[in-house]
Amino acid sequence: MAQAVLTPPAETQTHGAGHDTGHDHGHADHPPTSTGINSRKLLMWLFLASDCMFFGALIATYMIYRNKSLTGPYPHELIDIPYTSVSAFVLLMSSLTMVLALAALQKNDLRGSRIWIAATALLGTIFLGGQFFEFTEFHHEGLSLQGNMFGATFFTVTGFHGIHVGIGVVWLLTLLWVSLRGNLKAEDSLDLEIAGLYWHFVDIVWIVIFVMIYLIPYGETGEQLHESAAHVINTAQMVLGIF
Amino acid sequence: MAQHAQSLPGTHEAGHEHPTEAAYIRIAVILAIITVIEVAIYYIDKDASWLVPALMVLAATKFVMVVGYFMHLKFDDRRLAMIFTGGMVLALGTYIGLFVLMHFHKAIEFTAFMTSAARQ
């Protein structure tokens, strides 16, 4: 029985590998579930939903304490938009290589999938290298976790994101190793799909961080969003107080 | 056994369509162009009142495209989309809740200050 689960029938492999649009994912070897959704995939989506809340809390904290540093260095003195834009582009392209790796594996193109997995891991490593360089530069400029509010919130948000990227790179390299040993084939594509979901999530978190932390201007103009919203709340509070 | 899993009603693993490789590349090009636009409008006018809303809309567009096409949520079981959207709503709620809490606190202090000033 166990052997039957681990080794799906030939027609299942053909179906998974030969699917033109590649949606079957070739993972029909899992036992049926009451939901009809693969349990591992469901678990990953639940994890990603909880991770949304995790990063939501971190980014919310950053935005609340934005422009609240009493001492320098201040963000507008440190942040290098062109540099970070390249990092954002690298991570965005890693999502493309990730999805191409999955598409290749679903077509049983093992060589192609290995190349794209390696490319994704490489792009992730380049992103991490860029982040390490940025952290080092900021640290040399006097920014630290304890120094001011910007340092504390910036390093926390981007640091946790970097940890996520690091975990993703290790995961991808593990899958590459498994693939090189011949144990990652079309029928195992769910393994790569789940890793891909995690990787794409890391990318979308950076999409939000890139705008919230880097692109929304600091200083007086950067307060536009909060000041206007705070004005609305304060006005409502005073109106309610009058009545 | 595998056949049984495929024939289960509601089993979504089979029958959905995914974009082709060419479509993935087109989506990536669009995402790259949006990123360029984000950076460009940042340099055009940092003081513009439309800058923050424009950046938000562009980021949301990228977010939805990655989740929908690269993560296949557009083509996958709708319950997965509901789970992820639930997480997103709670994350957004956390942000709004914290923001209102902080500024509501300030408003209370301001009201108390004004009240005491009026009494004096």
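Predicted model: local features only at pLDDT ≥ 70, side-chain atom pairs only at ≥ 80, totals over all residues.
**Exercise 1. Fold content of chain A**

State how many helices and strands chain A has, and in what order its elements run.

Solution. Counting gives nine helices and zero strands for chain A. Read from the N terminus on, the elements follow the pattern α-α-α-α-α-α-α-α-α. Two further values describe the chain. Of its 243 residues, 45% count as buried. Among contacts in chain A between residues at least 6 apart in sequence, those that join residues at least 24 apart make up 79%.

**Exercise 2. The pair H3(A) and H7(A)**

Describe how helix H3 of chain A packs against helix H7 of chain A, and list the residues that make the contact.

Solution. Two packed helices are described by the angle between their axes and the distance between the axes.

1. H3 of chain A spans residues 39-64, and H7 of chain A spans residues 149-180. Their packing angle is about 155 degrees, and the axes lie 9 Å apart.
2. An angle over 145 degrees counts as roughly antiparallel, so H3(A) is roughly antiparallel to H7(A).
3. The crossing of H3(A) past H7(A) is left-handed.
4. On the H3(A) side the contact is made by A:Leu58, A:Ile59, A:Thr61 and A:Tyr62. H7(A) supplies A:Thr153, A:Thr156, A:Val157 and A:Phe160.
5. Sorted by class, the contact of H3(A) with H7(A) has five nonpolar, three polar and no charged residues.

**Exercise 3. The pair H5(A) and H8(A)**

Repeat the analysis for helix H5 of chain A and helix H8 of chain A, giving the classes of the contact residues.

Solution. 

1. H5 of chain A covers residues 81-106 and H8 of chain A covers residues 189-215. Their axes come within 10 Å and cross at roughly 160 degrees.
2. With the cut-off of over 145 degrees, H5(A) is therefore roughly antiparallel to H8(A).
3. H5(A) passes H8(A) in a left-handed crossing.
4. The contact of H5(A) with H8(A) has 14 nonpolar, seven polar and two charged residues.

**Exercise 4. The largest nonpolar core**

Identify the residues that touch the most other members of the largest nonpolar core, and the elements that give two or more residues to this core.

Solution. 

1. The largest nonpolar core has 78 residues, of which A:Ile59, A:Ala101, A:Val208, A:Ile209 and A:Met212 touch the most other members.
2. From chain A, the elements giving two or more residues to this core are H3, H5, H6 (110-140), H7 and H8. From chain B they are H2 (21-44), H3 (51-70) and H4 (78-119).
3. The most is given by H8(A), with 21 residues.

Technical notes: Residues numbered from 1 in each chain as written. Chains lettered and ligands numbered in written order. Axes fitted to C-alpha atoms, helices over the stretch in contact; angles between N-to-C directions. Helix = DSSP H or I, 4+ residues; strand = E, 2+ residues; numbered from the N terminus. Parallel < 35°, antiparallel > 145°, perpendicular 65-115°, else oblique. Left-handed = near helix turned anticlockwise from the far one by under 90°. Contact = placed C-beta atoms within 7 Å. Nonpolar A, V, L, I, M, F, W, Y, C, P; charged D, E, K, R; others polar. Core = buried A, V, L, I, M, F, W, Y, C linked by C-beta atoms within 7 Å. Buried ≥ 20, exposed ≤ 12 C-beta atoms within 10 Å, placed from the backbone.
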